[in-house]
Amino acid sequence: MNDPLATPLWRGARVGTAGLALIAAVAFPFVFTNPAVTSVAMFTLLFVGSSSAWNLFSGYSGYMALGNAVFFGSGAYFLANVAKDLHLKGGIGIFALVPLAGLFAGLVGVPVGWLALRTRRHTFVVVTISIFFVFQLLAYNLHSLTNGSGGMQLPMPPWLADTYNNYFYAAALVVAVVAIALSWAVRRSRFGLDLLAIRDDEDRARGLGVRTERVKLAAFALTGFITGMCGAITAYYLGSIYPPFVFDALFDVTIALMAFLGGLGTVTGPVVGALLLEPMQQYLTLRFSNAGISLILFGCLFLLVIRFLPEGVVPSLARLLRHVLRTRGEPQAGPGDPPPYDSPADHSPAAREVPR
Amino acid sequence: MTALLEVREVRKSFGGLHALNGCSLTVQEGTVAGLIGPNGSGKTTLFNVITGYERADAGTVAFGGQDVTGLATGKIGGLGVGRTFQLTRVFNRLTLLENLQVGRAGVPRERRGELYGPARCMELLDFVGLTALAQAQAGSLSYGQRKLVELAMVLAQEPKVVLLDEPAGGINPTLIGQIADRIGELNRRGMTFLVVEHNMEFVMGLCDVISVMERGAVIACGRPEEVRKDPRVLDAYLGGALDDGPDDGPGGPTGQTEGIEGAQP
Amino acid sequence: MSILLELHGVWAGYDGGDVLRDLTLSVPAGSITCVVGPNGAGKSTVLRVISGQLIPRRGTVVFDGEEIGGLSPRKILSRGIVQVAQEHTLFPDMTVRENVELGGFLLRDRAEVARRLRQIEDLFPIVTDRGGERAGALSGGQQRLVEFARCLMLDPKLVVLDEPSMGLDPKTLRTVLQQVAAMRDAGRTILLVEQNVRAGLSLAGQAVVLESGHVRLAGTGAQVLANPDIAHLYLGGAPRSLA
């Protein structure tokens, strides 16, 4: 079956687009220097990372996790605690702790996943939501680690106001690129194939020898790693963190929504979803200041997407493009052309030899 | 000859329904064993119990002398028991090549290159006539084609024994012949088969020994020519004598639908 | 004999390309037409086009004198084409009678539903005999018969059967095929897709052989069975016994 989007030309176009997008992302803070704009851009990149991370586990495996703020908050509180205990000063060095915060969140993912992944489908969704609330509750009550509702302060970076955002933007860009690269690599690997097989028929996959428990847990922890880094950067940027800010139920839903909007289980879907939604959300919040209205508009958009682009933006556009390409190329495909499908007549006897 | 697969007095109930009612069955190493019986006699349930998709209420399953009763599906598969499903279970949103590749996880690391190299995967797809669809999503295929994908998936792993659940259902007759040839070829190289099938010509032509199930138990067992003359089999399953005429094509006994042919305008 | 359904020059397919390529076939009223062909020839795709699940890219689908290509599945159903799928589609936890009654969900007139139910019970005794049982408790062949009964509730002009022989033991298969013939004798037009070629063709007044998305051969069942090419290509020789 010939996919018109699988030609070298289109493959090249995809690589080219990715390269241009990266260049644009690097150049962005040099072109738009307004801190209000770079702040929105930085949050957008963090959501690109978080949503890609969500998709890496939930989109590929079909396990809809709605508690990834557990990782986000764990990363944030890890960074705050380490900075406090080591009496660190603000500066670029703090960013070196971000991967450690990610590792910590990934480790948190192991027992959480071990518990939650005993369930499937809607039970799994409910379990992840419950675990999320347990973590939020712990953040309020484990005073020695979180200072409860009093919150925690992080070191203040010594940067000037007009370049302040750029450091965070750079860190967020690195995390976003790592997330996309991981999600691309996983999609093309055996590990990714195992996850996709689990999504389609988990028992069958196990019957064929896929170590489903291990594969799911590894992907869950990997998601935790990326999301934890996003949480740590956010904490450093905000300067102070409180339980409901970093363990935020809205975060759980938003990253899933972004992946749905862009295209569940695709590499580019969550990226596109985050690029569309996060700036809009920030704008609506600024514009109406009342978060309620932005939530309502958000919900309406989601319904529209489900109604008109049920597979998400990326797969729907790809389908449309394929259709256009095939219809344009149609006149060459006359009835006399070789049939697209195999027929027994196409097989020479040699092709029928029993493979060993 | 040694017994490769031994099922002893297996029972399995669903609510009040006794799907398996003291079922015993032995498959000798290196044979092609057939399993026939009316719809609902428990053949698929027996497959599920053997491969660990369902747990027996009582009784034992031994493979190669080792008790495998109640082991996880993956473990049983790892020992060398492969199977296909009557209602196909392929990975709908993966391509055919990817479907084949999933089974890679179930073979020893050192054999992966040999069993799952690109050339061998394409050979397997070619055998079932699906080369042109290698990059198509399995969910877009017809039932018969998905059936063929399943066959390729199980053969790829080169298990010691293969349980085939209606391999000829929904497959065109020419290809049924090729599948029979292929099974024979693999059998000569030492692979053991247990085949559930309603296509009598396929079963009679292929199997060394045939067991007949009814109401959750094996009621008869023997060589094809013995089984087809067994009055219990004729009554419970075939509903009449099996023709031996040369015209008895695939679908076997359907040649005897006299009433229907007579009703043709 | 009048033509009930005609596909003319139909091109249709999925993302990957066309499966049906300039397909033309006709189904005469009041008989059984059987479509055969190798796996991947496009049999399932033909059924999807007829039932409205797939819109043909080119060509016409004329049913009972009207173009139906591109109509929604629901509209096509109400025009009188009912399909019985390959898989089992009864609601297993509802009774046999409830399942059959559900077949009339497009009807508003309760009295009409009851009247048709009585007619169907005459043709399918199983609906009376096992009416109160859970449909899921029936065997595969029995479920198939109930599916036939259910599809007749809409009093269809055309009944489309997708591999009714699938998964049936020989004894049950015979009953099911007899029932297909009985539906024909009761005046229904039937379009049958069968992989069990001899069973299908022995039943059919007219046969169509599909290959790579177009019609390779059409004629009476007997003509097709007798065609040496077809016999060689699709009907297969007897499977070689083991050496």
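In this predicted model, C:Arg188 sits in the loop that runs between H7 and strand E8 (189–193) of chain C. With a relative accessible area of 16%, C:Arg188 falls under the 20% cut-off and so counts as buried. Its side chain has two partners worth a look. One is C:Asp155, which pairs with C:Arg188 in a salt bridge whose closest N and O atoms are 2.8 Å apart. That pair ties together distant parts of the chain, since C:Asp155 belongs to the loop between helix H6 (140–151) and E7 of chain C, 33 residues away from C:Arg188. C:Asp155 itself is partly exposed, at 42% relative accessible area.

Still in chain C, the side chains of C:Glu112 and C:Arg116 meet at 2.8 Å, N to O. Here both residues belong to helix H4 (residues 110–123), four residues apart, or about one turn of the helix. C:Arg116 is buried, its relative accessible area being 12%.

Over in chain A, A:Glu202 and A:Lys216 form a salt bridge, again with 2.8 Å between the closest N and O atoms. This one links distant parts of the chain: A:Glu202 is in helix H8 (residues 190–207) and A:Lys216 in helix H9, 14 residues apart. Both ends are tucked away, as A:Glu202 counts as buried at 6% relative accessibility and A:Lys216 counts as buried at 2%. The two also belong to a salt-bridge network that links them with A:Arg120, A:Asp203, A:Arg206 and A:Glu213.

Helix H9 (residues 212–238) of chain A also holds A:Arg214, which counts as exposed because its relative accessibility is 57%.

Backbone geometry brings up two glutamates. B:Glu166 has a positive phi, near 55 degrees, despite not being a glycine. Its place is the loop between strand E7 (161–165) and helix H7 (173–188) of chain B, and at 4% relative accessibility B:Glu166 counts as buried. In chain C, the non-glycine residue C:Glu163 has a positive phi of about 45 degrees. C:Glu163 lies in the loop between strand E7 (158–162) and helix H7 (170–185) of that chain, and with a relative accessible area of 4% C:Glu163 is buried.

Note on methods:
Residues numbered from 1 in each chain as written. Chains lettered and ligands numbered in written order. Predicted model: local features only at pLDDT ≥ 70, side-chain atom pairs only at ≥ 80, totals over all residues. Heavy atoms only, no water. Buried < 20%, exposed > 50% of the residue type's maximum accessible area, 1.4 Å probe, protein only. Salt bridge = Lys/Arg side-chain N within 4 Å of Asp/Glu carboxyl O.
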